[in-house]
Amino acid sequence: MNAVKMSKERKKLIRKQMKACHILLKHDGIRTASHVTKSLVVANGGLGNGVSREQLCAAMKEMGELETIIMSPHKPYAFATYSSEQSAQKAHGLLNGHLLHCGDNSVTLYLSFVDSVPCEAEEHVPLPEGLSLVEDFVSSEEEALLLAAVDWVTFDDETAQKALKHRRVKHYGYEFRYDTNNVEKDKPLSVGLPDECVPTLERCLKDGHIGAMPDQLTVNQYQPGQGIPPHVDTHSAFEDTILSLSLGSKTVMEFRHPDGRVVAVLLPGRSLLVMKGESRHLWSHGITPRKFDMVPACDPEPPAAITPDLGNPGNLTLSKRGTRTSFTFRRIRRSPCQCAFPSACDSQGAPSSLPSAPSLPRCQGDAARLEEEYVHRVYDAIAPHFSGTRHSPWPRVCDFLSSLVPGAVLADVGCGNGKYLGVNPEVVALGCDRSSALVHICAERGFQAFVSDALNVPMLTASCDACISIAVIHHFSTPERRLAAVRELMRLLKPGGRALIYVWALEQEYNKQRSKYLKHQSREPSGSPNTAEGQSEGSASPKRTVNSHGDVGITNVDGLDTEVSGPVDQRPGEDQVHHGKLSVHTNRTAFNSQDLLVPWHLKDGKGKAGKGRKGGREAGNRDMIRETALAVSKDNPSIAENILPSIGPASDCKTEPTDSNQRSTHPDSMSAKVATPNACLDSSLPSSTKDTDHACKSCPGFEAAATPAIPESSTAAAVFHRYYHVFQQGEIEKVCCQVDGVKVQTSYHDQGNWCVILVKD
């Protein structure tokens with residue numbers, strides 16, 4: 001009996017090993033050998049699985065003398081070469097199917113022989129100009145004194161201590177105001193720099209790192225998994241040189257040039273980073289929030305950049321982050337900055353995006369205004385250009401639509417230019433969109449669509465067999481409104497009906513593959529119109545695993561484990577939204593925040609003539625809905641009355657708005673909503689919250705945008721900004737699970753989007 005059992009286990013092991021070989025060949029072109037060699041490829045033993053060089057070496061060295069181990073960045077495999085074929089054969093026999101414990105994480109190793117190991121030449125990446133790193137600048141004793149000088153227990157106004165979402169901050173000398181991205185130079189703090197800093201700063205003067213003593217200090221404390229988004233210290237606020245002293249745990253800081261170059265620099269504990277000139281004024285710097293960094297297995301000599309894609313790709317390991325405290329010393333600028341980088345200098349007229357950006361909403365009224373300004377108005381303005389970039393239906397959405405039975409009723413909520421309305425001609429497809437300009441394009445293409453908000457669709461409850469919401473819900477600016485959008489979809493569905501939802505993903509690199517959004521980075525200018533909505537799909541669906549400490553990992557559909565990310569509840573890069581301010585995303589780059597503004601560069605002649613805020617859209621919306629119902633009823637007489645409510649007589653375009661408080665908010669009382677278009681379409685709020693629109697301007701912290709989403713004049717270089725909330729892994733499922741009577745049938749990642757198929761019980 002035991003022999004039979006072992007035989008089954010052996011067969012299972014061989015199947016998994018063969019599957020691993022297939023994946024290595026398919027995705028990375030790695031061919032395995034059927035004969036014994038000195039070299040092995042170790043599937044699931046890579047940095048991308050959370051396996052460090054030390055952990056893998058410890059297991060492999062037990063089999064014999066190792067010559068080399070090559071671990072490429074982000075890859076779920078490694079290469080090991082032994083001094084003899086006998087040792088390699090022993091490892092192949094004993095470590096195949098071996099469970100390797102890596103802290104709280106565990107992976108199963110699958111080994112195969114290879115004839116050769118890829119050798120990538122090491123390339124030295126220079127530091128940005130003006131950047132220098134001095135290791136061991138302070139002693140362990142000085143480090144202890146400096147850390148003891150910061151009192152994190154007492155919150156006081158003298159040091160302007162802040163508890164931000166991803167770090168703790170104290171200011172000395174002057175407070176750096178995150179709401180204005182500047183300092184109040186005429187309001188110094190009562191507490192200057194700590195005396196314990198004086199010896200360190202005097203040594204900086206002596207060594208020529210600075211020309212004058214700093215008068216401002218910002219202390220940041222980071223716990224493992226925390227970081228700070230890319231930023232350039234405000235030119236008008238501080239002088240040229242900036243000093244950053246790293247105490248405690250080491251970390252990796254990324255420097256980004258406006259042309260897209262990225263240089264990662266390892267900051268050891270007790271090291272001093274000096275930023276001058278170009279590195280200070282032009283390059284942004286930031287720390288990606290994560291618990292592990294990929295670092296050289298041995299310290300580089302001399303200190304240099306470490307770029308996982310360009311440095312020595314085989315000589316990397318994982319470094320677990322600990323608590324890190326940084327002392328950033330700066331000197332207040334008393335005259336305008338005259339640096340050589342006017343495009344990035346606020347003193348020389350460059351825009352400062354943070355102060356003029358809108359605030360995150362504090363109440364429902366804020367949310368409605370934010371979406372009206374940075375979603376609704378923008379799409380109306382860019383509709384023709386936007387539609388011209390949305391012509392290819394995504395294959396997996398088409399698969400969903402093709403699975404519907406003939407005669408099924410489909411609602412495309414947020415239909416855009418209607419590219420999905422004609423995919424399956426055997427279903428009754430109705431579309432709605434908040435943009436009247438896009439709905440007009442649908443009509444020109446012969447599709448049935450009408451203007452409606454996704455939170456209040458004028459269709460009867462349980463009237464649809466299927467609903468789709470493609471690239472819509474990520475435009476809602478609060479968790480409550482995103483949840484309400486899912487609830488509205490479920491309201492429309494019949495019992496047993498299905499809904500497909502796509503939202504833009506925070507994780508644009510997934511399963512060791514970059515989305516097309518990132519892949520196009522080197523081929524398109526940063527200003528080209530690009531969002532996830534324009535990317536085609538086609539990647540395989542990953543399965544999900546959760547390890548023992550709650551972190552989410554990804555298991556490839558074919559068996560190879562990939563990189564472990566942070567906890568689901570963590571919001572990477574959220575500090576990008578300083579005190580509720582939205583940041584402007586750099587197109588074709590990874591996201592550093594979940595709530596942001598994405599630019600759309602309008603090509604000449606592609607915009608809508610005039611802004612057309614509401615007039616014609618609101619006056620004619622009843623007629624548009626009526627026309628849709630009549631068109632549908634030609635071939636399906638019973639459909640219109642079962643889907644669309646009684647909408648009253650046709651409009652003469654002189655509809656008088658009624659008091660919004662008199663409208664019914666019950667889902668089945670949609671006739672009242674449609675009969676009063678000004679009341680229900682003026683904002684995306686339900687009537688119960690519409691009356692807060694004016695009162696909420698007095699809410700604490702409310703701040704309108706200083707720069708509108710739409711440029712003052714339409715030019716060839718007009719840039720519009722759209723609000724997005726990009727979803728992190730597991731987030732859209734959590735939202736959907738809050739709706740009663742809903743089951744998540746499946747979820748997957750598709751070219752930079754998180755996708756779910758829901759079933760209504």
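Modeller: The chain holds 19 helices and 35 strands. This is a predicted model.

Colleague: What percentage of the chain's residues count as buried?

Modeller: A residue is buried when its relative accessible area is under 20%. Applied to the 761 residues of the chain, that criterion gives a buried share of 55%.

Colleague: Of the contacts with a separation of 6 or more, what share joins residues 24 or more positions apart?

Modeller: A contact needs heavy atoms within 4.5 Å. Among the chain's contacts with a separation of 6 or more, residues 24 or more positions apart account for 73%.

Colleague: Is strand 14 mostly covered or mostly open, and how many of its residues are buried?

Modeller: Strand 14 runs over residues 242-248, which is seven residues. The strand is mostly covered, and the number of buried residues is six.

Colleague: Which residues stand opposite S244 and L245?

Modeller: Strand 14 pairs with strand 17, residues 271-275, in the antiparallel sense over five bridges. Strand 14 also pairs with strand 21, residues 324-330, again antiparallel, over six bridges. In strand 17 the residue opposite S244 is L273, and in strand 21 the residue opposite L245 is F327.

Colleague: Which residue is the bridge partner of V584 in strand 32?

Modeller: Strand 31 and strand 32, residues 595-601, pair in the parallel sense over two bridges. In strand 32, the partner of V584 is L597.

Colleague: How much space lies in the largest cavity?

Modeller: Rolling a probe the size of a water molecule over the atoms shows where empty space is left. Searching the whole structure gives five cavities of 30 Å³ or more. The largest cavity holds about 480 Å³.

Colleague: Which of its lining residues are closest to the centre of the largest cavity?

Modeller: The lining of the largest cavity comprises 29 residues. By class they are 14 nonpolar, seven polar and eight charged. Closest to the centre are G414, D433, A471, V472 and H475.

Colleague: Which element gives the most to the lining of the largest cavity?

Modeller: At least two lining residues come from each of helix 8 (364-388), strand 22 (409-413) and strand 23 (428-433). With five residues, the one that gives the most is helix 8.

Colleague: How far is the backbone oxygen of L111 from a polar atom of the H92 side chain?

Modeller: H92 lies in helix 3, residues 85-94. Beyond four places in sequence, H92 touches Q17, L40, L111, S112 and F113. For L111, the distance from its backbone oxygen to a polar atom of the H92 side chain is 3.4 Å.

Colleague: Why does H98 count as partly exposed?

Modeller: H98 sits in the loop between helix 3 and strand 4 (99-102). Beyond four places in sequence, H98 touches V107, T108 and L109. Partly exposed covers values between the buried limit of 20% and the exposed limit of 50%. H98 falls in that class because its relative accessible area is 30%.

Colleague: Which residue has its backbone oxygen 2.7 Å from a polar atom of the side chain of K185?

Modeller: K185 is in the loop between strand 11 (182-183) and helix 5 (198-207), and is partly exposed at 27% relative accessible area. Leaving aside neighbours within four places in sequence, its contacts are Y174, S236, A237, I332, R333 and R334. The backbone oxygen at 2.7 Å belongs to R333.

Colleague: What is the relative accessibility of N44?

Modeller: N44 lies in the loop between strand 1 (39-43) and helix 2 (53-61). Its phi is near 75°, a positive value in a residue other than glycine. N44 counts as buried, with a relative accessibility of 1%.

Colleague: What is the phi of Q751?

Modeller: Q751 lies in the loop between strand 34 (742-749) and strand 35 (753-760). Q751 is buried, with a relative accessible area of 10%. Although Q751 is not a glycine, its phi is positive, at about 45°.

How values were computed. Residues are numbered from 1 along each chain as its sequence is written. This is a predicted model: local features need pLDDT of at least 70, side-chain atom pairs count only at pLDDT 80 or more; totals for chains, interfaces and linings use all residues. Side-chain values use heavy atoms; hydrogens and water are left out. Buried means under 20% relative accessible area, exposed over 50%, partly exposed in between (1.4 Å probe, protein chains only). Helices (H or I, at least four residues) and strands (E, at least two) are DSSP runs, numbered from the N terminus. Two strands pair if DSSP finds at least two bridges between them. On a 1 Å grid over the protein atoms alone, a cavity is a set of points where a 1.4 Å probe fits but cannot get out, and a pocket is an open set with protein on both sides within 12 Å along at least five of seven lines; lining residues have an atom within 4 Å of a point. Grid points are joined across faces, edges and corners, and a volume is the space filled by probe spheres set on the points. Ala, Val, Leu, Ile, Met, Phe, Trp, Tyr, Cys and Pro count as nonpolar, Asp, Glu, Lys and Arg as charged, and the others, Gly among them, as polar. A polar contact is a pair of N or O atoms within 3.5 Å; within protein, one must be able to donate a hydrogen and the other to accept it, and residues adjacent in sequence count only if both atoms are side-chain atoms.
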